[in-house]
Amino acid sequence: MASTLLIAMIRILIVELLEKSLPPVHIVPLLAATAAIGLAFANDMHTLSQDIVWPFVTLGLLGGRGMNVDHLLPSSIRARRSATATDSGTPSAERATESPRRRPLLGWTLTVLAQAMLTLSLLILPFIFPLHDFFVLNAKGDVALLPYWLRVLIVVLVGLVSGELFVGSFAVSKRGKQYRQVIPSLKEMTGEHYLLYLRPFVFDSALAHPLNEAPGRYTRSPFELPGQSYEEFMVWQFRSLGRVIAVGQPGERLPHIGAERGYLPVDDWKDTVSRLIQGAHAVIMIAAPTPSTAWEFTEALRTISPTRLLLLIYDDADYRAFREIATEEYATRSSIGSAISEWPSFPQLPDIPWPAPHTKGILWDFPLEGTLSFDQQYRPHFTRFPATVPRVRHVWTIRRLVRRTFKPVLDSISQLPPAPPVG
């Protein structure tokens, strides 16, 4: 059992380090846990050879959902947490003008605390059952005086403490990251290299949910997808191209994990957003039928090269409605208040093609349908997100599939020249 556990821990480290999907804050605890289990194996702890399941429960937590432990909670608690998150995403009138403050010192303090909690929880784990033997036998090898129920209770309590530290470390780490990703002022981004992420605020709560698993109950690997929300997943794809920033929702207490957030007044945001669009290396936008999104899309068409614009399409009906409202917004804005010569022809926004009939693999119900990019002549190109996954696959299959899908889009953006200075 000890050798199996040690091999599994080493496998986690190798996979995650090679794939670079594990947050650096978790590398040290995993190394410490691997060292502790290796020490236990070297010392031939006979208790670890017993038929126990706790180490494998921990391994499931580490890899089964990529550091995401929400699935362990009862459905009633998950529903309540989901409702709370949705409610908190709608700011009250009193908080509408407030913005989160960047607190890097507090953020790093929480990050270090999370690392300490995770390290402690993993170091406790190998000694739970030796602790049981400590209470079972005294120094002379005689049966201990403590009653059996008390010995079991002590072991269970220690295990619960380890579990609470393990689960709590991720919540603390998340809170630390939230404090660190607040941008004090979006004006400081002038002249910086960044990608601008634009979306309706109503998407934030939905995209903050954990990624759904790739299908295949008995064939999927526990290491296929990193433990991220949908927004984190998208930001992760573009991380090699630069900082991904966004305008935060006014009144939110702390931003969702994903793009860095800066905050603007509710009634005075268009000038700043226009400057952010012009100064961005690329603009990544969710195609949604809202007036603000239509304005941002038409502003991007007016002020930047179409090669710097990328639309994320999550729902075909939303995309069709977006196409209509954007066309109307473009016609209105291009006909009043500006010279017609400033506006290029409105690009073709094609219908989204149906996915090819799948002849092999399993359908993957992932909410992102694909991306829509444009060449210099405003000709569109649709890249579909993988609709199926192989039935039988190894540990890297899903990650490679996603990377291969995004590679043409990322290569095109990476080859763009630096954004011109904003006048």
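**Salt bridges in a predicted model**

Biologist: Which side chain meets Glu260 in a salt bridge?

Modeller: In this predicted model, the side chain of Glu260 comes to 2.7 Å from its partner, N to O. The pair links distant parts of the chain, with Glu260 in strand β3 and the partner in strand β2 (residues 243-247), 17 residues apart. That partner is Arg243.

Biologist: Nice! Is Arg243 buried or partly exposed?

Modeller: Buried means under 20% relative accessible area, and exposed means over 50%. Glu260 has 18%, so Glu260 is buried. Arg243 has 32%, so Arg243 is partly exposed.

Biologist: Where in the chain does Asp204 sit, the residue whose side chain meets Arg261 in a salt bridge?

Modeller: The Arg261 and Asp204 side chains meet at 3.7 Å, N to O. This pair, too, links distant parts of the chain, 57 residues apart, with Arg261 in strand β3 (residues 260-262). Both Arg261 and Asp204 are buried. As for Asp204, look in helix α8 (residues 203-207).

Biologist: What separates Asp316 and Arg320 along their helix?

Modeller: These two form a salt bridge, with the closest N and O atoms 2.4 Å apart. Asp316 is partly exposed at 23% relative accessibility, and Arg320 is partly exposed at 40%. Both belong to helix α12 (residues 316-335), and because they are four residues apart there, the separation is about one helical turn.

Biologist: How many salt bridges does the structure hold?

Modeller: Side chains of opposite charge can pair when their charged atoms come close. Some bridges join into a network, which links Arg199, Asp204, Glu231 and Arg261. For the structure, the count is eleven.

Terms used. Residues numbered from 1 in each chain as written. Predicted model: local features only at pLDDT ≥ 70, side-chain atom pairs only at ≥ 80, totals over all residues. Heavy atoms only, no water. Salt bridge = Lys/Arg side-chain N within 4 Å of Asp/Glu carboxyl O. Helix = DSSP H or I, 4+ residues; strand = E, 2+ residues; numbered from the N terminus. Buried < 20%, exposed > 50% of the residue type's maximum accessible area, 1.4 Å probe, protein only.
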